[in-house]
Amino acid sequence: MKKQIVIINGTGGSGKDTFVEFCTKYGKIMNFSSVDKVKEIAKYIGWNGGKSEKDRKFLSDLKRLTTNYNDLSFESIKDAVYQFENSNKEILFIHIREPEEIERAANAFSAKTLLIKRVGLENITTNYSDANVDNYPYDYIIENTTLEELDHNALNFINQLKYTKVKELKKHI
């Protein structure tokens with residue numbers, strides 16, 4: 001199997017991490033978030049790891065500041081891609097929220113894009129990053145209805161990546 005990069009997104013609570021966890025049962029997966037370095041900085045200056053609206057806005061604003069200052073998130077993505085290319089992993093999931101960052105990374109790394117949507121879950125709109133989750137033309141959309149169905153969708157997604165030419169992948173799983 002050719003190594004593949006998938007940019008994954010979805011509003012908070014949609015099931016992105018659970019989906020990636022299920023995928024690890026079916027393939028050699030590496031998982032990375034574009035906000036990890038930002039979270040390290042945030043902890044250093046007093047963020048306690050919370051996920052409140054205030055916390056989410058703080059992280060979103062801090063990511064924008066560090067992107068404008070020194071392109072921190074994209075540089076960390078480049079490092080993750082390098083580590084992935086030199087590993088035995090088959091698929092790298094990169095979590096990115098912002099549409100312009102998704103587009104940049106998709107183009108730079110020939111990545112596919114995936115949106116996880118959870119039935120009945122409202123999008124978070126109190127910060128720039130979360131408010132724009134749906135504002136991108138994703139290659140694939142997976143609806144999270146139950147854990148069993150999400151696991152089944154993870155298996156199908158990994159099998160399609162492994163055994164189907166990329167051009168032939170379904171747009172909606």
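Let me start with a definition: a residue is buried under 20% relative accessible area, exposed over 50%, and partly exposed in between. Keep that in mind. The model we are looking at is predicted.

Try the cut-offs on Asp 134. Its relative accessibility is 35%, so it counts as partly exposed. Lys 117 is partly exposed too, with a relative accessible area of 32%. These two residues form a salt bridge, and their closest N and O atoms are 3.4 Å apart. Where do they sit? Asp 134 is in the loop between helix 6 and strand 5, and Lys 117 is in strand 4, residues 112-118. So the pair ties together parts that are 17 residues apart in sequence.

How many salt bridges does the whole structure have? A search finds nine.

One is Arg 56 with Asp 130. Their side chains meet at 2.8 Å, N to O.

Next, Lys 63 and Glu 98. Here the closest N and O atoms are 2.7 Å apart. Lys 63 is in helix 3, while Glu 98 is in the loop between strand 3 and helix 5, so parts 35 residues apart in sequence are tied together. Both Lys 63 and Glu 98 are buried.

On to the largest pocket. Its volume is about 650 Å³. The lining has 27 residues. Which lie nearest the centre? Ser 33, Val 35, Lys 39, Arg 56 and Arg 97 do. Helix 3 gives the most to the lining, with four residues. Helix 1, strand 2 and helix 6 each supply at least two.

Now strand 2, residues 29-33. Four of its five residues are buried, so the rest of the structure largely encloses this strand. Strand 2 pairs with strand 3, residues 91-95. Is the pairing parallel or antiparallel? It is parallel, over five bridges. Met 30 has Leu 92 in strand 3 as its bridge partner.

Last, the surface. Ile 41, Tyr 44, Ile 45 and Phe 58 make a nonpolar patch of about 450 Å². Ile 41 lies in helix 2, residues 36-44. Its relative accessible area is 33%, so Ile 41 is partly exposed. Compare Tyr 140 in strand 5. At 3% relative accessibility, Tyr 140 counts as buried.

Notes: Residues numbered from 1 in each chain as written. Predicted model: local features only at pLDDT ≥ 70, side-chain atom pairs only at ≥ 80, totals over all residues. Heavy atoms only, no water. Buried < 20%, exposed > 50% of the residue type's maximum accessible area, 1.4 Å probe, protein only. Pairing = 2+ DSSP bridges. Patch = residues over 30% accessible without salt bridge, like charges linked within 9 Å, V, L, I, M, F, W, Y side chains within 5 Å. Areas by Shrake-Rupley, 256 points an atom, 1.4 Å probe, with all protein chains shown as cover. Salt bridge = Lys/Arg side-chain N within 4 Å of Asp/Glu carboxyl O. 1 Å grid on protein atoms, 1.4 Å probe; cavity = no way out; pocket = protein on both sides within 12 Å on 5 of 7 lines; lining within 4 Å. Points joined across faces, edges and corners; volume = space filled by probe spheres on them.
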